[in-house]
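Please go through this model with me, with attention to charged pairs, helix packing and a few loop residues.

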Amino acid sequence: MLYQIKDSSKLPIAYASRTLSATERGYALIEKEALAVVCGCGKFHDYIVGLTANSETDHKPLVPIFMHKGLDALSPRLQRMKLKMMRYSHQVQYIPGKYLVIADDLSRSPIEGTEDEELSEEITAHIQMVIATLPATDKRLSEIWQAQQENEVCIQLISFVQKGWPEKNALPTHLSRYWEYRRSINMQDGLLMMNARLIIPESMKSEILKAIHEGHLGITKCRARAKESIWWPGLSIHVVNSKYIIKNQ
């Protein structure tokens with residue numbers, strides 16, 4: 001709902017709602033919430049462009065994404081959405097869901113078949129660009145994808161991205177270390193990623209670490225090299241330890 005505040009009263013201007021496309025239903029929860037903001041602003045573009053507008057959300061993690069975080073701390077989809085929002089003078093405000101009654105009602109009676117094709121194409125193109133700029137050949141990306149599909153941890157993380165994360169105390173011990181990264185773990189073009197970095201399965205870690213140390217770079221440069229494109233919990237420590245092992249072999 002688009003409204004204007006006058007004399008402390010909310011005066012409705014326009015209403016809108018829509019369903020998610022098949023592709024959008026595969027987004028992570030945080031990406032779906034961000035999509036709602038972007039599509040809402042796009043729908044009411046003629047009303048808000050050139051003015052200061054506020055978006056209200058009951059999804060608190062959305063606030064830092066649009067207000068504080070840099071692009072390199074976001075998934076490729078969120079990167080493109082944030083770039084899309086830069087045309088507006090825009091603030092995102094957290095409001096508990098019990099106060100967003102009209103938005104809740106509209107979400108229960110959405111209009112079918114109103115996907116923003118332009119935004120969808122822009123997001124797809126941006127994801128393809130991010131994947132293409134990763135320092136990995138198509139063959140290597142295919143190997144990483146296959147290893148992710150066969151790794152128990154990656155399979156579970158993919159399920160969490162698609163269906164939602166359980167509470168922390170319900171996570172198995174070996175998955176608890178991923179909890180703090182749950183809002184950054186995402187799927188892009190079939191690949192499991194942490195923001196815009198590939199999540200490397202256990203079976204490929206040794207091979208990847210050896211590749212990082214090729215050229216006999218120092219620890220600082222090796223860490224920077226790793227952080228450009230790959231991730232797993234404890235990566236920096238593993239880079240240091242593997243450097244020591246390689247040096248003393």
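The questions and answers below take up these topics in turn.

This is a predicted model, in which local features need pLDDT of at least 70 and side-chain atom pairs count only at pLDDT 80 or more, while totals for chains, interfaces and linings use all residues. Residues are numbered from 1 along each chain as its sequence is written, and side-chain values use heavy atoms, with hydrogens and water left out.

Q: How many salt bridges does the structure hold?
A: A salt bridge is counted where a side-chain nitrogen of Lys or Arg lies within 4 Å of a carboxyl oxygen of Asp or Glu. By that criterion, the number of salt bridges in the structure is nine.

Q: Which parts of the chain does the salt bridge between glutamate 122 and arginine 80 tie together?
A: The closest N and O atoms of glutamate 122 and arginine 80 are 3.1 Å apart, and both residues are buried, the term buried meaning under 20% relative accessible area, exposed over 50% and partly exposed in between (1.4 Å probe, protein chains only). Helices (H or I, at least four residues) and strands (E, at least two) are DSSP runs, numbered from the N terminus. Because the two residues are 42 apart in sequence and sit in separate helices, the pair ties together α6 (residues 117-132) and α4 (residues 76-85).

Q: At what angle do the axes of α4 and α6 cross?
A: Axes are lines fitted to C-alpha atoms, for helices over the stretch in contact, and angles run from 0 to 180 degrees between N-to-C directions. The axes of α4 and α6 come within 9 Å, and they cross at roughly 130 degrees.

Q: Which residues of α6 make the contact with α4?
A: Contact here means heavy atoms within 4.5 Å. On the α4 side, the contact is made by Pro76, Arg77, Gln79, Arg80, Met81, Leu83 and Lys84, and on the α6 side by Glu118, Leu119, Glu122, Ile123, His126, Ile127 and Val130.

Q: How far apart in the chain are lysine 139 and glutamate 143, which meet in a salt bridge?
A: The side chains of lysine 139 and glutamate 143 meet at 2.6 Å, N to O. Lysine 139 counts as exposed at 58% relative accessibility, whereas glutamate 143, at 31%, counts as partly exposed. Both belong to helix α7 (residues 138-150), where about one helical turn separates them because they are four residues apart.

Q: Which helices hold glutamate 207 and arginine 140?
A: The side chains of glutamate 207 and arginine 140 meet in a salt bridge of 2.8 Å, N to O. This pair links distant parts of the chain, 67 residues apart, with glutamate 207 in helix α9 (residues 205-212) and arginine 140 in helix α7.

Q: Is tyrosine 178 buried or exposed?
A: Tyrosine 178 is found in the loop between α8 (152-163) and β5 (185-188). Leaving aside neighbours within four places in sequence, tyrosine 178 is in contact with Val153, Leu157, Trp165, Ile185, Trp231 and Pro233. With a relative accessibility of 5%, tyrosine 178 counts as buried.

Q: What is the phi of serine 8?
A: Serine 8 is found in the loop between β1 (2-6) and β2 (9-14), and at 76% relative accessibility serine 8 counts as exposed. Although serine 8 is not a glycine, its phi is positive, at about 70 degrees.
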